[in-house]
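Below is a short report on one chain.

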Amino acid sequence: MFKICSVDGCDGKLRSLGLCEKHYYHHNRYGSVKGNRCVYCDAFITKKGEYLKLRNKIIPNCCWTCYTKNIKSVVLKKSGNKCICCGEKTTQFLQIDHKFGGGVKEQKEIGTLRIWGDAFFNPKKYQILCANCNLGRELNGGKCPHKQKIKTKFSKRLTKERYKKMEVWIKKNFVKLVIQH
Ligand SMILES: [Zn+2]
Ligand SMILES: [Zn+2]
Ligand SMILES: [Zn+2]
Ligand SMILES: [Zn+2]
């Protein structure tokens, strides 16, 4: 007679820690004898999964595959779900942008997925832009052409107002000059 696994209903042969081969494996790999399963797809969640602790704070009890599929929409929801420049709402067009630069460097160092993760914890560091506005901003020295158009209109209006003021001033002073002479 060999000793059997201590898990209820399991009669597997004892391997170690009072567990059979299968349950010992679950214990080691998943951190529990029954294994932690993803609440979305029922796959096992590896105990030593890539930054699992942080992942759990963003999307709890989620496997790596489901995490990679959903991290973007979770962060988007948290940050208003639209381009902050033009209001574009289509998820596929939306991107994460580093407000204060350094995006290319960070992309190389930690990659897009971790950047989305970081955006969950440090929303002030990032902003949501659509691909159009993001590119426009890049090609236009940090300012989306959308914003420049508004600025140009504004400054034209200002110039007109100034011009009118100048006209009024000239008329007033011209009259004064005429009277003085
Ligand atoms: Zn067992
Ligand atoms: Zn899953
Ligand atoms: Zn946009
Ligand atoms: Zn824009």
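The report starts with the model and its conventions.

## Model and numbering

This is a predicted model: local features need pLDDT of at least 70, side-chain atom pairs count only at pLDDT 80 or more, and totals for chains, interfaces and linings use all residues. Residues are numbered from 1 along each chain as its sequence is written, with chains lettered from A and ligands numbered from 1 in the order in which they are written.

## Overall fold

The chain holds six helices and four strands. These are DSSP runs numbered from the N terminus: helices are H or I with at least four residues, strands E with at least two. From the N terminus the order is β-β-α-α-α-β-α-β-α-α.

The chain has 181 residues, and 17% count as buried (20 or more other C-beta atoms within 10 Å of the residue's own, with C-beta atoms placed from the backbone).

## The H3–H4 pair

Helix H3 (residues 64-78) packs on helix H4 (residues 103-121) at about 35°, with axes 9 Å apart. Axes are lines fitted to C-alpha atoms over the stretch in contact, and angles run from 0 to 180 degrees between N-to-C directions.

Contacts here (C-beta atoms within 7 Å) join H3 residues including Ile71 and Val75 to H4 residues including Trp116 and Phe120. Trp116 also touches Ile96, beyond four places away in sequence.

## Nonpolar core

The largest nonpolar core has 19 residues. Such a core is a set of buried Ala, Val, Leu, Ile, Met, Phe, Trp, Tyr and Cys residues joined through C-beta atoms within 7 Å. Trp116 and Ile96 are among those with the most contacts inside it. Strand S4 gives the largest share, four residues.

Note on methods:
Buried ≥ 20, exposed ≤ 12 C-beta atoms within 10 Å, placed from the backbone. Contact = placed C-beta atoms within 7 Å.
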